[in-house]
Amino acid sequence: MDPRILREIEAIFPGDRILTGLGDRYTYGFDASFGQYLPELVVQPQSVEQIAGLVRLANEHLIPLYPRGSATSLSGGPLPVKGGIVIDMSQYPKRLDVDRENLLAVVTPSVITAEIHRAAESVGLFYPPDPSSSHVSTIGGNLLENSSGPKGLKYGTTKEYVIGMEVVTPTGEVIRVGGKTVKNVTGYDLTRLIVGSEGTLGIVTEAILRLIPKPPARRTLLAHFPRLKDAGYAITRILSSGILPAAMELMDNACIRAVESYRPHGLPTDAEAILIIEVDGHPSAVDEEIRRCEELCIVQGAGGCKVAENEDEREKIWMSRKMVSPAITRMGPTKISEDATVPREKIPEMMEHLKRIKEKYRLQLVVFGHAGDGNLHPNIITDERNREEMERVEKAVGEIFEAAVSLGGTLSGEHGIGILKAPYMEMELGREGVMMMKKIKEAWDPNNILNPGKIFPAPGQTKVVLR
């Protein structure tokens, strides 16, 4: 970086909050997807004023800025694809205030999402969004990716729980959007525009989250099926029965075997799929609903069901689901994680598509995810050094997206677009839809400073996994 510009940055940040060493820069060049990009330097802001000052400086010198939380993104969200400066928001001062009377939490972006869960539950409240990475991911990253987790089926996604924010705009202004009231229809809903914008429209420095009363009871069921498609039919049968579970999670046989190899939980390795179903609410209703779910699974061909009888058993069931991602990572050096989402009634059909794609391209393709809301996570385990295999992966990924969109679904339910899905945006939104989004980006960020290279494909870009 030009020494004159570096001196200007040093005038904004203390020396120990600027990282220029090659080792540090490499550390900030990757996330939980794949690929490595080297930033010119890294800063660790401690105030909104520092961030605003840096953004104004970046506009003056046309320096790309890449906000980053814990880097758990599975779509390349924080990757510094054009070099520039990584803004490490994980070191931002932490604030977590729960307002029990108003059912709110005020947080800074560096707070780990699981800490919000614990703080809310300690006073009898509940923050439903719960991505699998919640024990390590920051709330700032969750908001900007709109990452939600398994409870989206009953409680909705992250954007339903963000009612206000303090944001540094791409041109360096500090604005407040939304507020502390649940009802707010003053002007455009900028809060929802920023949530899920993947760091392209602003840097969140504070968020106001809506909380709800904690359900008084919950029960969890694990059912295993000899056929994967029967698990899909069980999902639709349960939902059409009038029961709305808090969560319905699916794991295929490859996931089951990976978890049992990584950290045994007593899962049936001969099953083609397992479902984890959780219901919550009034104790008497919960008991009735979980037994009804068990009956419906058996009718649909489940080989066996186990209802957790206490909290320890419940935690063990959910830990098996939490272990899927780290377990399958051991199956190969490169994990490509997608989250194509389809309408619930199309889940069995999407499963058949995935099975066909796996066999057609001879790939390690495993499937798990939040099946209750159609948010499946097809993961391809491969080796990016194997060019021939990566060419097959490229074609398989394209067919996964085509299948999801053809069934009335979407490219992403919660991972975001990042760099890995950008070439397929027009497939779902059409040219005009993508152009409208580009116009919003250009109006907010005329110099394309904030997280450039994300969401929108580069001219002529058609590849996702090949570089």
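Biologist: At what angle do the axes of helix H8 (residues 228-240) and helix H13 (residues 347-361) cross, and within what distance do they come?

Modeller: Good place to start, and keep in mind that this is a predicted model. Two packed helices are described by the angle between their axes and the distance between the axes. Here, the axes of H8 and H13 cross at roughly 160 degrees and come within 8 Å. Angles over 145 degrees count as roughly antiparallel, so that is how H8 and H13 run relative to each other. The crossing of H8 past H13 is right-handed.

Biologist: Which residues make that contact?

Modeller: From H8 come Leu228, Lys229, Gly232, Tyr233 and Ile235, while H13 supplies Ile347, Pro348, Met351 and Glu352. Sorted by class, that gives six nonpolar, one polar and two charged residues.

Biologist: And how do H13 and helix H14 (residues 387-406) pack?

Modeller: The angle between H13 and H14 is about 165 degrees, and their axes are 10 Å apart. H13 and H14 are therefore roughly antiparallel, and H13 passes H14 in a right-handed crossing. Among the contact residues are Leu354 and Ile357 of H13, with Ala396 and Ile400 of H14. By class, this contact has eight nonpolar, one polar and five charged residues.

Biologist: How many cavities of 30 Å³ or more does a search of the whole structure find?

Modeller: The search finds one. The largest cavity holds about 70 Å³ of space. Its lining consists of Glu121, Phe126, Lys151, Lys214, Pro215, Arg218, Glu278 and Asp280. By class, that lining has six charged, two nonpolar and no polar residues.

Notes
Residues numbered from 1 in each chain as written. Predicted model: local features only at pLDDT ≥ 70, side-chain atom pairs only at ≥ 80, totals over all residues. Heavy atoms only, no water. Axes fitted to C-alpha atoms, helices over the stretch in contact; angles between N-to-C directions. Helix = DSSP H or I, 4+ residues; strand = E, 2+ residues; numbered from the N terminus. Parallel < 35°, antiparallel > 145°, perpendicular 65-115°, else oblique. Left-handed = near helix turned anticlockwise from the far one by under 90°. Contact = heavy atoms within 4.5 Å. Nonpolar A, V, L, I, M, F, W, Y, C, P; charged D, E, K, R; others polar. 1 Å grid on protein atoms, 1.4 Å probe; cavity = no way out; pocket = protein on both sides within 12 Å on 5 of 7 lines; lining within 4 Å. Points joined across faces, edges and corners; volume = space filled by probe spheres on them.
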